[in-house]
Amino acid sequence: MMTSNAPTTTTSPISAEDVKPLTELISAAAIAEIEHWRGKYPPERKRPPIIAALKIVQKEHNNYLDETVMNALAVYLDVPPIAVYEVATFYTMYNLKPVGEHVISVCTNLSCMMCGAKDVVKQLTERLNIGLGETTADGKITLVEVECMAACGGAPMLEVGEVFHENLTPEKIDAILQTLGWEDNHG
Ligand code: FES
C-alpha cells in the first residue's frame with residue numbers, strides 16, 4: 001500500500017558521508033542478521049535482501065522506519081535509496097511513522113470483509129477509542145488496516161507482532177486486547 005508520508009525519493013546513490021553508518025544505528029546482532037540474508041544471494045544481486053533487512057531495521061528502530069535508517073540501509077546495501085523506499089512504501093508491514101508498543105493490523109480485504117471485518121474494525125475502534133491509522137493516547141496500541149495477508153481461510157483475521165489471529169469473534173478480540181494489557185488498564 002502506498003503511503004502519503006513516503007520520503008522524498010531519489011534515484012541517485014547516496015554518499016556514505018551524508019548518512020550515519022547503519023552500524024551506528026542498529027545492533028551488531030541485527031547487522032549479523034542482515035548479513036545472513038545478504039549471504040543468500042550472489043554479491044551482484046544487491047536488492048533481494050532489502051525486504052528482510054527493512055524488517056530487521058524496523059524492529060531495532062522502535063518498530064518504524066524513517067529516512068535516516070532507510071538511507072543508512074541503502075548505503076549499507078549499496079543500492080539507490082529509491083530501491084529501499086519502494087519496498088518500504090509498498091508493503092503494509094513497514095511503518096513509516098512512529099507507532100505504539102503493539103500494532104494491530106486488521107485485514108479488510110475481500111474475504112475478510114465478507115466474513116465480518118467491518119465488525120472487527122468497529123469493535124476495535126470502539127474499545128480502543130481510536131480510528132484506523134491511530135495510536136492510543138498512552139502509546140500502547142496502533143490500529144492499522146491492511147490488505148490481504150494470505151490467510152483468507154481464517155477470515156476475518158488480524159495480526160499482532162507477526163502472530164496471526166484468525167476466525168475472529170468478539171470474544172477472541174477481547175481476549176487479544178487482554179493479552180496486550182488493554183483490558184486491565186482501560187476496560
Ligand atoms: S482477505 Fe483477509 S487474509 Fe485474505
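These notebook entries record what I looked up in the predicted model of a single chain.

**Entry 1. Conventions**

I number residues from 1 along each chain as its sequence is written.

**Entry 2. Overall layout**

I began with the secondary structure, which comes to 9 helices and 5 strands. Helices (H or I, at least four residues) and strands (E, at least two) are DSSP runs, numbered from the N terminus. Along the sequence I read the pattern α-α-α-α-α-β-α-α-β-β-β-β-α-α. The C-alpha trace spans about 50 × 35 × 30 Å along its principal axes.

I then looked up burial: 30% of the 187 residues count as buried. A residue is buried if 20 or more other C-beta atoms lie within 10 Å of its own, exposed if 12 or fewer, and partly exposed in between, with C-beta atoms placed from the backbone. Among contacts between residues at least 6 apart in sequence, 62% join residues at least 24 apart. Two residues are in contact if their C-beta atoms, placed from the backbone, lie within 7 Å.

**Entry 3. Helix H5 and its buried side**

Which residues of H5 are buried? In this helix, residues 81-90, I found Pro 81, Val 84, Tyr 85, Ala 88 and Thr 89. They lie on the same side of H5, because they cover an arc of only 120 degrees around the axis. The arc is that of the directions from the helix axis to the C-beta atoms. An α-helix has 3.6 residues a turn, so residues three or four places apart point the same way. The cover over the buried residues of H5 includes helix H3 (50-60) and helix H4 (67-77).

**Entry 4. H3 against H5**

I took the pair H3 and H5 next; their axes come within 10 Å and cross at roughly 75 degrees. H3 is therefore roughly perpendicular to H5. Axes are lines fitted to C-alpha atoms, for helices over the stretch in contact, and angles run from 0 to 180 degrees between N-to-C directions. Angles under 35 degrees count as roughly parallel, over 145 as roughly antiparallel, 65 to 115 as roughly perpendicular and the rest as oblique.

Ile 50, Ile 51 and Leu 54 of H3 meet Ala 83, Val 84, Val 87 and Ala 88 of H5. By class, this contact has 7 nonpolar, no polar and no charged residues. Ala, Val, Leu, Ile, Met, Phe, Trp, Tyr, Cys and Pro count as nonpolar, Asp, Glu, Lys and Arg as charged, and the others, Gly among them, as polar.

I also listed the buried residues of H3, which are Ile 50, Ala 53, Leu 54, Ile 56, Val 57 and Gln 58. Their cover includes helix H2 (28-38), H4 and H5. After H3 comes Asn 62, whose phi is positive, near 50 degrees.

**Entry 5. H4 against H5**

The axes of H4 and H5 come within 8 Å and cross at roughly 125 degrees. The two helices are therefore oblique to each other. In this contact, Met 70, Asn 71, Leu 73 and Ala 74 of H4 meet Pro 81, Ala 83, Val 84, Tyr 85 and Ala 88 of H5. The contact residues divide into 8 nonpolar, 1 polar and no charged.

**Entry 6. Ile 173**

Is Ile 173 buried or exposed? I found Ile 173 in helix H8 (residues 170-179), and this residue is buried because 20 other C-beta atoms lie within 10 Å. Leaving aside neighbours within four places in sequence, Ile 173 is in contact with Val 120, Gln 123, Leu 124 and Leu 168. Ile 173 and Met 157 are 16 residues apart in sequence and 9.9 Å apart in space, C-alpha to C-alpha.

**Entry 7. Backbone details in loops**

The peptide bond from Ala 155 to Pro 156 is cis, with omega near -5 degrees. I located Pro 156 in the loop between strand E3 (141-146) and strand E4 (158-160).

Asn 129 is not a glycine, yet has a positive phi of about 60 degrees. This residue sits in the loop between helix H7 (117-128) and strand E2 (134-135). Asn 129 is exposed, with 10 other C-beta atoms within 10 Å.

Asn 167, not a glycine either, has a positive phi of about 45 degrees. I placed Asn 167 in the loop between strand E5 (163-165) and H8. Asn 167 is exposed, with 12 other C-beta atoms within 10 Å.

Technical notes
This is a predicted model: local features need pLDDT of at least 70, side-chain atom pairs count only at pLDDT 80 or more; totals for chains, interfaces and linings use all residues.
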